[in-house]
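Please read it alongside the coordinates.

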Amino acid sequence: MSKKQLFSNLHGHDRLAFAHPLKRVTGGQGGEVVLVRGSFKNALIDCGMAYCHENTIKNIEEELSGKGLDYIILTHTHYDHVGALPYIRKRYKDAVVLGNSHSEKVLNKESAIRVIRELSEKAQEIYSEKREPIITEGLKVDKVVKDMDIIELGDRNIIIYETPGHTSCSISLFILPEKILLASESTGILIDENTVHTAILKSHKDSIKSAIRLKGLKANTIVLPHYGVLPRYFHEDYWKLFFKESEDKKNYILNLAKEGYSDEEILKDYISKFWDDEREQEQPKVAFILNAKSIISVVLKEYQ
Ligand SMILES: [Zn+2]
C-alpha cells in the first residue's frame, strides 16, 4: 500500500468532502476530527493526535466562529483519537467529554496515559518538526454514555452505538435525521477499493457483531475512521470486504498456529507480511507491533 493509495479517492469520489452538518477539522496526519453542528449545541467527535493540536483548534475556532463547544465525544481511547484532548479542553473549558464506561476506566489508568504519551511523542517525532513535551492532564471522561443514549444538539441528535471489537471502549455514532453513521474502528479502515484494514484488538466475535449491527442501520452516509466519507455506491461492498478480510486474517493466524508456529513466530510472520515502510504514513511501527500482538492473541483466544 502506498501513501498515494491511502489517500486516493474511489472513482473520483472525494472522501474528504464532508457535507453539512459535518465538518472535518482534522489538524494533521493521524486520527480524524469531526465537528457536528446543531441548532443549539455542537459536538466534536474525537480530538486527533497531540502534535497537531494547534491546527485542529484553529480549524474548530474557524468553524464555530465564536460559538461554544458543548461536547467532545471519544470514539475510543487510542492516542491518535484522544491525544489532542488536553489541549482542546484548555481552549473549550465548558465542553463535556463523553465516552463509554470502558473509556472512563482506561483513562483512569496511569499505564494507559503513559502509553498515550509515549505514542504521541513517537508520532510527533515522525510527523512534526516540533519537539515539545506532550500534555496528558485532562485525558478523562466527564460523563459516561451507553448504548442507545441520545445526545441532543437541537435540530439533530446523535445516537450512541456501543460497537466493541477494536477495543471495549469503541463507540459508533448515528446522526439523525440525516442517518449519518460515523463508524468506529471495530468495523475496519478502508485503504482502497480492495483493501480494508481490520484492527481487531479486543474481540473478533464482537467486531463481527458490531459490523452486522451497523450494516443494519442502512445509513445514508457512512464516515469511516482514518478515511472519510464512503461513496454511497460502495456501502454494500464495504461491509462485504470487511467480513471477508476479518475471516481471511482469522484463518491466516489459525493456520500458522495449526502448522505449529509459536506466538512469537506468528508475530514475526505477521510483521513481515503486513508491515512495509510506507505503512508508517498511517502509524508508527511501534504502534503497529503493539496492535499485531493483540490481533494475534485475540484470534487464538477466541477460536483455537
Ligand atoms: Zn484505535
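M148 is found in the loop between β6 (143-144) and β7 (150-152), where helices (H or I, at least four residues) and strands (E, at least two) are DSSP runs numbered from the N terminus. M148 has a positive phi of about 70° although it is not a glycine, and at 43% relative accessibility M148 counts as partly exposed; buried means under 20% relative accessible area, exposed over 50%, and partly exposed in between (1.4 Å probe, protein chains only). D46, in the loop between β3 (42-45) and α2, also is not a glycine and has a positive phi, of about 65°, but D46 is buried at 4%.

## Basis of the values

This is a predicted model, in which local features need pLDDT of at least 70 and side-chain atom pairs count only at pLDDT 80 or more, whereas totals for chains, interfaces and linings use all residues. Residues are numbered from 1 along each chain as its sequence is written, and side-chain values use heavy atoms, with hydrogens and water left out.

## Zinc site

The zinc ion has as protein donors H76 (NE2), H78 (ND1) and H166 (NE2), at 2.1 to 2.3 Å; donors are N, O and S atoms within 2.8 Å of the metal (3.2 Å for Na, K and Ca), and since water is not among the atoms, sites may look incomplete. H78 lies in the loop between β4 (71-73) and α3, and H166 in the loop between β8 (157-162) and β9 (171-176), so the pair ties together parts that are 88 residues apart in sequence. H78 is partly exposed at 23% relative accessibility, while H166 is buried at 1%.
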